[in-house]
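Please open the model in your viewer and keep the sequence panel beside it.

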Amino acid sequence: MGLTMCQKIIKEHLVEGEMVAGQEIGIRIDQTLTQDSTGTMAYLQLEAIGVDRVKTKKSVAYIDHNMLQQSFENADDHKYIQTVASKHGIYFSKPGNGICHQVHLERFGVPGQTMVGSDSHTPTNGGIGMLAIGAGGLDVALAMAGRPYYTMMPKVLKVNLTGKLKPYVSAKDIILEVLRQLSVKGGVGKILEYVGEGVKHLTVPERSTITNMGAELGATTSIFPSDEQTLKFLTAQNRASDYSPLQPDEDAVYDEEIHIHLDTLEPLVAKPHSPDNVDKVTNVGPIKVDQIGIGSCTNSSYTDLMKVAKILKGKTIHPDVSLVLAPGSKQVLSMIAENGALKDIVDSGARILESGCGPCIGMGQAPASNAVSLRTFNRNFYGRCGTVSASVYLVSPEVAAASAITGVLTDPRTLNDDIHVEMPEKFVVHDNMILEPAVPGTEVEVVRGPNIKPFPLNKALTTDLSGEVLLKTEDNITTDHIMPSNAALLPYRSNIPYLANYCFQTVDESFSDRAIEKKGGIIVGGSNYGQGSSREHAALAPLYLGVRAVITKSFARIHKANLINSGIVPLTFKNEADYDTVAQGDILVIKNIRTQIESGKTELEVTNETKGMTFVCQLDVSDRERNMLIHGGAILSSRVAAHA
């Protein structure tokens, strides 16, 4: 039986376990990336692990999230990351060099290699045939230290692409169609492999738009072949030596399969407040638009912005619209500046932001009250934009540019412009904003600002676990709900004691005060709890507040791993109907939980003392993860092992 693309890479990198879906495997990691929003914590954890130099082939630290410097906090984090990276053998991409996923695709990604990144959109680099997985910061720190990355062996879902996209229909429409078919839960426990004759018509930037937003499916990652398009892209980046071919075997067997007929697609839009709330632009109609944002790691490539420039050239933005645009990298910005496209964009009335994540993660450009904002980004979660009353729609660059001119949501096929863009034969390569690490043996002082606080550690699991239900949530609670990400809070990502005050702020403003008053407790959630960002702060802040267990209908992959790394017990209702019997304020008790976990039990009885009833929860973890929960998390578990 032949192998799929991801199975070939996993087989080559497998160090523990077997490639059987649902069983835990450990794989060797070639590359890592971090960004500044999650990076400070990841490097504090790397220091705690205690290695002198990273063991990977290449690790890169990017500054792209916390770019607004209203006070000293962000600048201090940047200085810490720069110095700790230099000391430990990590490349450093300076502020303004670009978004981590875009820059890594341009300069570092290698087909056939493995990568974990402390950002959920790390699968972007699957666009060049890399097995790139988003993970929590501690998992990335462990990978930098030479430890395997552990995950459950995913199922493989074949996405068969046929035909060719029509003009004004884009890669964004492909991934929106996948989301429409599968939902934000449809990729959980799976890797999506894109194959079929339609693949050959998609460039690497287009493929990377698709793998980027695969994160919104809950997928472990997504991957495209490494083929002629890949070689063309790497050659243009002066990296042809990094190329190697990757295709599935002809007799590869997939667990599931869906079909996307590219020539039947038309412009799509994801309506508030979920990336899978997808409809045709023509069905939604010409709703009035107040703000438009173009950029993010999804749609800020050279070809994306060239199409935008062609639509905007010689035209003026509608007077009621604010259009902001952020190039994905310094390379992209330099090239559109050199060829005149930037002038066309600026002349139209657009505002140019620096090359970074910016409004995509709530770092500036919050819409007005009750505004409609079209964005070429990857997420439109409630409140993520910084304005809870705003309605955010996700669209392609073509739809965004057309709508900026008309002032209403517009099908770009109504335009008569020729927006065809050829991939350049040669990209502008000027890596002067990427700093190489210090040579081994060089003395490097690591600079720590006063806002950088130690990360919280749990305690070993006690005999019994009991606590009040501090909060009961609905389905599809995101990490943005758990630990909001906005311009006011992002500077405190390295200060968990302060950040914890805002835990669940958009769900229940009293949560943190109540958790402190009750000295911790338990959270009860619906299905797909913790979807979205890889930020481990969504586990660390509850840990700091005393949360010892989370009981849900189901978990998102990365957040569940982050909970385990923090020593917080992740349980799921065996009977989902029991979710309805639990209320906020109930007292729950699990007797002899430590003994039960040590003995390998997978079903634990929970007593609701308030209601005088019991229900059963499942603990779906590996033996390695059981050990982590018993000792209070990954760091404490490793310390125990080191002294054994």
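**First stop: a loop serine**

Select Ser-300 and show what surrounds it: leaving aside residues up to four places away in sequence, Ser-300 touches Ile-99, Gln-102, Gly-295, Leu-305, Ala-326, Pro-327, Gly-328 and Val-332, where contact means heavy atoms within 4.5 Å. Ser-300 sits in the loop between strand 15 (291-294) and helix 10 (302-312); here helices (H or I, at least four residues) and strands (E, at least two) are DSSP runs, numbered from the N terminus. Because its relative accessibility is 1%, Ser-300 counts as buried, a term that means under 20% relative accessible area, with exposed over 50% and partly exposed in between (1.4 Å probe, protein chains only).

Before moving on, note that this is a predicted model, in which local features need pLDDT of at least 70 and side-chain atom pairs count only at pLDDT 80 or more, while totals for chains, interfaces and linings use all residues. Residues are numbered from 1 along each chain as its sequence is written, and side-chain values use heavy atoms, with hydrogens and water left out.

**Second stop: helix 5 and its partner**

Select residues 137-144, which form helix 5, a mostly covered element with 8 of its 8 residues buried. The buried residues of helix 5 are Gly-137, Leu-138, Asp-139, Val-140, Ala-141, Leu-142, Ala-143 and Met-144. After helix 5 comes Gly-146, which has a positive phi near 95°.

The crossing of helix 2 and helix 5 is right-handed: a crossing is left-handed if the near helix is turned anticlockwise from the far one by less than a right angle, and right-handed if clockwise. To see the contact, show Ala-42, Tyr-43, Gln-45, Leu-46 and Ile-49 of helix 2 together with Gly-137, Leu-138, Ala-141, Leu-142 and Met-144 of helix 5. The residues of this contact of helix 2 with helix 5 comprise 8 nonpolar, 2 polar and no charged, where Ala, Val, Leu, Ile, Met, Phe, Trp, Tyr, Cys and Pro count as nonpolar, Asp, Glu, Lys and Arg as charged, and the others, Gly among them, as polar.

On the side of helix 2, select Asp-36, Gly-39, Thr-40, Tyr-43, Leu-44, Leu-46 and Glu-47, which meet Asp-77, His-78, Tyr-80, Ile-81, Val-84 and His-88 in helix 3. The contact of helix 2 with helix 3 divides into 6 nonpolar, 4 polar and 3 charged residues.

Strand 3 (residues 31-35) runs parallel to strand 6 and is joined to it by 3 bridges; two strands pair if DSSP finds at least two bridges between them. Leu-33 stands opposite Gly-117 in strand 6. Strand 7 (residues 131-134) also pairs with strand 6 in the parallel sense, over 4 bridges, and there Val-116 stands opposite Ile-133.

Which order do the strands of the 3-stranded open sheet follow? The order is 1-2-8, with antiparallel pairing. Strand 1 (14-16) and strand 8 (149-152) stand at the edges, each with a single partner strand, so one side of each is left without a neighbour in the sheet. Strand 2 (residues 24-27) is joined to strand 8 by 4 bridges, and Ile-25 stands opposite Thr-151 in strand 8.

Finally, select the open sheet of 4 strands, in the order 11-10-9-12 with parallel pairing. Its edge strands are strand 11 (221-223) and strand 12 (256-261), each pairing on one side only.
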